[in-house]
Amino acid sequence: MVFRSHMSIALEEARAAAARGEVPVGAALIAPDGTVAARAGNRTRELSDPTAHAEILAIRAACAARGSERLAGFDLYVTLEPCAMCAAAIAAARIARVYYGASDPKSGGVAHGACVFSHPQAHHAPEVYEGIAEGECASMLKDFFSAKR
């Protein structure tokens, strides 16, 4: 089996989020058959909802379309290391693999901070692959926040 990254979809969603004035984070959920099950970008400001992170929105959409709260065998691509809230949702949904671009030493919940997947109370720990298109993901975030200052 040959690895095929779907980070380009997450990057498209991140760019769309930035265009809406949102923090540029995008996510794509890929079904076991390789099709795009859901894609989303941050919408916390637009929806006035602190839980409207790209990962949460993509998980909600895929679960609704599938009619199940579980996404076993699915892969999640996200441009930024998931926060603790998103990591907990990823674990609850039983997502198989997480691929993320930029690390988040301040608010990450996978390799930094809470380290949700390695916590003894984690119900499920997906395989995690970091640094996918890291340069592009990180520069998009840096450019966004530089423009805000």
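## A walk across the sheet

Start by selecting S1 and S3, which pair in the antiparallel sense over four bridges. Here, two strands count as paired if DSSP finds at least two bridges between them, and helices (H or I, at least four residues) and strands (E, at least two) are DSSP runs numbered from the N terminus. You're looking at a predicted model, where local features need pLDDT of at least 70, side-chain atom pairs count only at pLDDT 80 or more, and totals for chains, interfaces and linings use all residues. Residues are numbered from 1 along each chain as its sequence is written, and side-chain values use heavy atoms, leaving out hydrogens and water.

Now click on Ile30: its bridge partner in S3 is Asp75. Stay on S3, where six of its six residues are buried (under 20% relative accessible area; exposed is over 50%, partly exposed in between, with a 1.4 Å probe and protein chains only).

Next, go from S3 to S4. These two run parallel and are joined by five bridges, and Leu80 has Ala102 in S4 as its bridge partner. Then hop back to S1 (residues 26-30), which five bridges join to S2, this time antiparallel. Pick Gly26 and you'll find Gly41 of S2 opposite.

Zoom out to see the whole open sheet: five strands in the order S2-S1-S3-S4-S5, with mixed pairing. Its edge strands, S2 (36-41) and S5 (127-130), each pair on one side only.

Time for the helices. Select H1 (residues 7-19), which lies across S1, S2, S3 (75-80) and S4 (97-102) and runs at about 45° to S3. For such angles, axes are lines fitted to C-alpha atoms, for helices over the stretch in contact (heavy atoms within 4.5 Å), and angles run from 0 to 180 degrees between N-to-C directions. Buried residues in H1 include Met7, Leu11 and Ala17, and their cover includes the strands S1, S2, S3 and S4 along with H5. Just after H1, check Gly21, which takes a positive phi of about 85°.

Last stop: the largest pocket. Which residues lie nearest its centre? Select Val23, Leu80, Asp104, Leu141 and Phe145, from a lining of 20 residues. H5 gives the largest share of that lining, four residues. (On a 1 Å grid over the protein atoms alone, a pocket is an open set of points where a 1.4 Å probe fits, with protein on both sides within 12 Å along at least five of seven lines; lining residues have an atom within 4 Å of a point.)
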